Amino acid sequence: MLSGIEPNLVAIIVARRNSLKTSGYSRCPEVEALPTLVRYRKNDIGVDVHHGRQSYEIGCGFTVAGVRYSLSDFMRVTDSDLAKTYRLRAATSPESVATCLEDLSVMVQRYGAAVLSGDPQFLAIVSERREQWLQEYSLDVQAEQIRPQAESAFRQGDYAKAAELYGLMRERLSPAEAKKLAFAERRRVG
């Protein structure tokens, strides 16, 4: 907990803002005592507003029918470029907590409005795209793990191994790596 910051500052500012309450969301009584978390609920949609105890980041999460979403999940559908660069902001003073919560409120209203209103089509799109994003991320991680091994095999002249490894990440090859793959495949065969 931040020294000098009132224990329930997040709860107080969110309550003052009332942006979720005016949409029919009510504050969940079981978290009222938590100094860095405020939870709202309406039907099967929950919104958590939190202030990280160690990171000091101000953020929110959404739970819809038991499935957890982040604000950036919704941003990816409507503004994918912003979603790539969006990061939670840290707040270490009462003033910065208030500013961050105001900014977060604007972002929730802009990118979370469809979810907060219970739009099932938007959630279907988010769920479908989320699977695509997860697959893309998985390929990126796999390529980052394989890349050093492929480069090492190529440098050592083990072209069979280099071709095999570069082939595993074919969709993620840079132009230079694509040339190395073609070279390694020719050398492996020839």
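A residue is called buried here when its relative accessible area is under 20%, exposed when that area is over 50%, and partly exposed in between, with a 1.4 Å probe and protein chains only. Keep that in mind as we walk through this predicted model, where local features need pLDDT of at least 70, side-chain atom pairs count only at pLDDT 80 or more, and totals for chains, interfaces and linings use all residues. Residues are numbered from 1 along each chain as its sequence is written, and side-chain values use heavy atoms, leaving out hydrogens and water.

Let's begin with the whole chain. The protein chain has 8 helices and 6 strands; these are DSSP runs numbered from the N terminus, with helices (H or I) of at least four residues and strands (E) of at least two. Along the sequence, their pattern is α-β-β-β-β-β-α-α-β-α-α-α-α-α. Of the 190 residues, 36% are buried.

Now look at strand S4 (57-64), where 6 of the 8 residues are buried. S4 pairs with S3 (residues 45-51) in the antiparallel sense over 7 bridges; for two strands to pair, DSSP must find at least two bridges between them. Glycine 46 has threonine 63 of S4 as its bridge partner. The hairpin of S3 and S4 has 5 residues between the strands, and tyrosine 56 there takes a positive phi near 65 degrees.

S4 also runs antiparallel to S5, joined by 4 bridges, and threonine 63 turns up again, with arginine 68 in S5 as its bridge partner. In this hairpin 2 residues lie between the strands, and alanine 65 has a positive phi near 50 degrees. A further 2 bridges join S4 to S6 (residues 89-90), again antiparallel, with isoleucine 58 opposite arginine 89.

Next comes helix H2. Why is H2 largely enclosed by the rest of the structure? Because 6 of the 8 residues of this helix (residues 71-78) are buried. Leu71, Ser72, Asp73, Phe74, Met75 and Val77 are the buried ones, and they pack against S4 and S5 as well as helices H3, H4, H5 and H6.

How do H2 and H6 lie relative to each other? Their axes (lines fitted to C-alpha atoms, for helices over the stretch in contact, with angles from 0 to 180 degrees between N-to-C directions) come within 10 Å and cross at roughly 95 degrees. The two helices are therefore roughly perpendicular, a label for angles of 65 to 115 degrees, while those under 35 count as roughly parallel, those over 145 as roughly antiparallel and the rest as oblique. Contact means heavy atoms within 4.5 Å, and among the residues that meet are Phe74 and Val77 in H2 and Phe122 and Trp133 in H6.
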